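Thank you all for coming.

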Amino acid sequence: MIVGLIVNPVAGLGGAVALKGSDGPDIQARALALGAVPRAAERAAAALRALRARRPDVLVLTVAGPMGEDSARAAGVPYRLAHRPAATPTSAGATSVGATSTGAADTRAAVAALGEVDLLLFAGGDGTARDVLDAAPRPPVLGIPAGVKVYSGCFALSPAAAGATVAGFDGRTVDAEVVDLDEEGHRAGLVGARLYGTLRVPAARDRLSGRKTGSSAAPPGSAESIARAVVAGMRPGTAYALGPGATTLAVGRALGLALTPLGVDVVRDGALLASDVTEQRLHAIAMSQVTHGVLSVIGGQGFVIGRGNQQFSPRVLATLAGVVVLATQQKLAALGGRPLLVDSGDPRADAAFEGHVRVVTGHRESVLYRISSASEELS
């Protein structure tokens, strides 16, 4: 089995440092200056390890340096180089990671160089998916989720799910949508995903994340009803870290506060304690006082942790006194019985959520709903 691998080495940089994306050299440089740590390479390596455990005969064709070679070497899989990115530190969209400068043009060139593989894996987010789409890949593809926002339907649930999916690939494919947000508008709180096209992916519905959907189907007042329940349950002297989402913004309105759109804010005793916090700031707050996380569910996907709220890192989750999950009944029903998902990047942290969680669905309304690690082995 011959599998291609392309890694966007800067994917996901902006998440933990509250930049709400990683597109563009200025944002990437700012993220690194704020202490962001690249994670895409290790997530790609995790996918390769899961793949080789099931298909020891796999051969990986990849790109030199941080665009794939480093991940293949870390995973211990046999590999060959099929492409070497041009060192273009001054080109538009280029970013230096290690000794190699890479950009969208390098991703597109790598896709062309890997046109004869059985299946092409790429590690990144929605922006990377757009670059892959622009290159018109010949083989089927599958995304390893490594971005801040992973709203497209061409991604596996997790790196482990990506590896398992490739190992079981039987040639059958389906079309999956590629969507992306305008990150400048995203940072300003303007949410509007645009459909760019479709990519052929393995026909493995239970291992694909699916496309994010909005909350427009919810009856008017649903978010406000949930917000009243959350506010009524807040304890004096306790801090609450409110994750991104329309429902958590409604909690802010119920408190009379203007929260950061798509950011993480911390409130205590009805007042804003900290605004648009980074992972480091949130960890410091949780270490210094009793803190609960308040998180909404991503529509259509079911993710609670790991998509757009990377401030809730494994060490933050281990420090929180508890987590409150919010979702409308319509959003839960749309999952069709599929579990809520956690993908913090640490399988042990994710496993701590396994089981059932109480989901607040309205004022004096809640349900117990199954929650699972996105890395859970799927048969």
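I will begin with the overall counts and then go through helix packing, aromatic rings and a few single residues.

Before that, a word on the source: this is a predicted model, in which local features need pLDDT of at least 70 and side-chain atom pairs count only at pLDDT 80 or more, while totals for chains, interfaces and linings use all residues. Residues are numbered from 1 along each chain as its sequence is written, and side-chain values use heavy atoms, with hydrogens and water left out.

The chain holds 13 helices and 18 strands, where helices (H or I, at least four residues) and strands (E, at least two) are DSSP runs numbered from the N terminus. Of its 379 residues, 56% count as buried, and here buried means under 20% relative accessible area, exposed means over 50%, and partly exposed is in between, with a 1.4 Å probe and protein chains only. If we take the contacts between residues at least 6 apart in sequence, 66% of them join residues at least 24 apart, a contact being heavy atoms within 4.5 Å.

Let me turn to the helices. Helix H4, residues 104–113, packs with helix H5, residues 126–134, at an angle of about 50°, and their axes are 8 Å apart; axes are lines fitted to C-alpha atoms, for helices over the stretch in contact, and angles run from 0 to 180 degrees between N-to-C directions. That angle makes H4 oblique to H5, given that under 35 degrees counts as roughly parallel, over 145 as roughly antiparallel, 65 to 115 as roughly perpendicular and the rest as oblique. The crossing of H4 and H5 is right-handed, which is to say that the near helix is turned clockwise from the far one by less than a right angle, anticlockwise being left-handed. On the H4 side the contact is made by Ala104, Thr107, Arg108 and Val111, and on the H5 side by Asp131, Val132 and Asp134.

How many of the nine residues of H5 are buried? Seven are, so H5 is largely enclosed by the rest of the structure. The buried residues of H5, among them Gly127, Ala129 and Leu133, pack against H4, E6, E7, strand E8 (173–180) and strand E9 (194–202). Just after H5, alanine 136 takes a positive phi of about 50°.

A second pair is helix H8 (residues 222–232) with helix H9 (residues 246–255), which pack at about 60° with axes 8 Å apart, and that makes H8 oblique to H9. H8 passes H9 in a right-handed crossing, with contacts including Ile226 and Val230 of H8 and Ala250 and Leu255 of H9.

Now the rings. A search of the whole structure finds one aromatic pair, where rings of Phe, Tyr and Trp (its six-membered ring) pair if their centres lie within 6.5 Å, with planes under 30 degrees apart counted as stacked, over 60 as edge-to-face and the rest as tilted. The centres of phenylalanine 122 and phenylalanine 155 are 5.5 Å apart and their planes are at 65°, so the pair is edge-to-face. Phenylalanine 122 lies in strand E6 (residues 119–124) and phenylalanine 155 in the loop between strand E7 (141–145) and helix H6 (159–167), so the pair ties together parts that are 33 residues apart in sequence. Both phenylalanine 122 and phenylalanine 155 are buried.

There are also charges over rings, for which NZ of Lys or CZ of Arg must be within 6 Å of the ring centre and within 35 degrees of the ring normal. Arginine 130 lies over the face of tyrosine 196 at 3.9 Å from the ring centre, and arginine 307 lies over the face of phenylalanine 303, at 3.9 Å from the ring centre.

Lastly, some backbone points. Leucine 262, in the loop between H9 and strand E11 (265–268), has a phi near 65°, a positive value in a residue other than glycine, and with a relative accessible area of 17% leucine 262 is buried. Arginine 364, in the loop between strand E17 (355–362) and E18, also has a positive phi, of about 60°, but at 79% relative accessibility arginine 364 counts as exposed.
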